[in-house]
Amino acid sequence: MFRKHDSLQRTWAFLIAAAICYIPANILPVLTTTTAAGAESDTIMQGVVLLWSPTGWPLSLIVLVASIMIPSAKILALMYLLISVHRGSVHNNSQRIRMYRMVEFIGRWSMVDVFVDTFTAALIQLQPLMSVEPGIGLLFFAAVVVFTMLAVESFDPRLIWDSASAQEASPQPASSGGNPQAGNPKEVSYA
C-alpha cells in the first residue's frame, strides 16, 4: 500500500478548517421554525434544551452527544494524534492506532445529524400553519463533518509507528553494565 503524501500538512489543513467551522456551527441557528405565532430559530444547544423534558430527555442526550460532544472529541483526538506524530512519540502506539480507528469508524456516521435536520425540514411543511427550514448553522455543521472526515482520510496511521521504527534502527549507545570491554569495542580480544 502506498504512503499518503503530505499527510500531516493536509490533515492539519482539514482539521483547522473543521475547528474554524465548529464555532459558527454551534453559534448560528441550524433550524428555523415558522408557525402562526412567528418564526423561531434554534441553535444546536437550544435544541438540546428544548428537547429536554421528562419524556424527551433521551433524544436530548442523543443530540447533545452526536452534535456537540462527538465532533469536538474527533477534533481533539485528531489534534492529539498529529501532535504526538510531530513530537516523535514512541509511547502508546497501539492505543493511538485504536483511537485513530475509532475516530475513523465514528466519522462514517457523522452525516446522520445533517440528514436528520434536512429530513425534518423536508417533512414539516404544513403551509401556512407551520414550516421548518434549515439554518446557516447546519451548513457549518456539515462542513465540520466533511472536514473531519477528510482529515481522518488524509492522515496516514503508519506515521504513528515511524518514530518507533526509526528509534529501533538508530544505533543504541552501549552501556558498560560492569563489563569494562563493552564500552570500547577496540579492546575486545577475539583469541
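Mentor: Let's zoom in on glutamate 40: leaving aside residues up to four places away in sequence, it touches Leu31, Thr32 and Thr33. Touching here means a contact, with heavy atoms within 4.5 Å. Before you go further, remember that this is a predicted model, where local features need pLDDT of at least 70, side-chain atom pairs need 80 or more, and totals for chains, interfaces and linings use all residues. Numbering starts from 1 along each chain as its sequence is written, and side-chain values use heavy atoms, with hydrogens and water left out.

Glutamate 40 lies in strand 2 (strands are DSSP runs of E, at least two residues, and helices are runs of H or I, at least four, numbered from the N terminus). Proline 29 sits eleven residues from glutamate 40 in sequence, with 9.4 Å between their C-alpha atoms. As for cover, glutamate 40 is partly exposed at 45% relative accessibility. That scale calls a residue buried under 20%, exposed over 50% and partly exposed in between, using a 1.4 Å probe and protein chains only.

Now put that spot into the whole fold. The protein has seven helices and four strands, and along the sequence they run α-β-β-α-α-α-α-β-β-α-α. Of its 191 residues, 33% are buried. If you take the contacts between residues at least 6 apart in sequence, 71% of them join residues at least 24 apart.

Aspartate 6 is exposed, at 52% relative accessibility.

Now for some charged partners. Side chains of opposite charge can pair when their charged atoms come close. The structure holds two salt bridges, each being a side-chain nitrogen of Lys or Arg within 4 Å of a carboxyl oxygen of Asp or Glu. In one of them, glutamate 104 pairs with arginine 101, and their closest N and O atoms are 3.3 Å apart. Why can these two face up to each other? They are three residues apart in helix 4 (residues 93-107), so about one helical turn separates them. Glutamate 104 is buried, with a relative accessible area of 18%, while arginine 101 is partly exposed at 42%.

The other pair is aspartate 156 and arginine 158, with an N to O distance of 3.1 Å.

For contrast, have a look at a greasy bit of surface. Phe105, Trp109, Val112, Phe115, Val116 and Phe119 form a nonpolar patch with about 640 Å² of accessible area together. Patch members have over 30% relative accessible area and no salt bridge; nonpolar side chains (Val, Leu, Ile, Met, Phe, Trp, Tyr) are joined within 5 Å and like charges within 9 Å. The areas come from the Shrake-Rupley method with a 1.4 Å probe, and only the protein chains shown count as cover for residues. Helix 5 (residues 111-123) gives the most to this patch, with four residues. Valine 116 lies in helix 5 and is partly exposed, at 41% relative accessibility.
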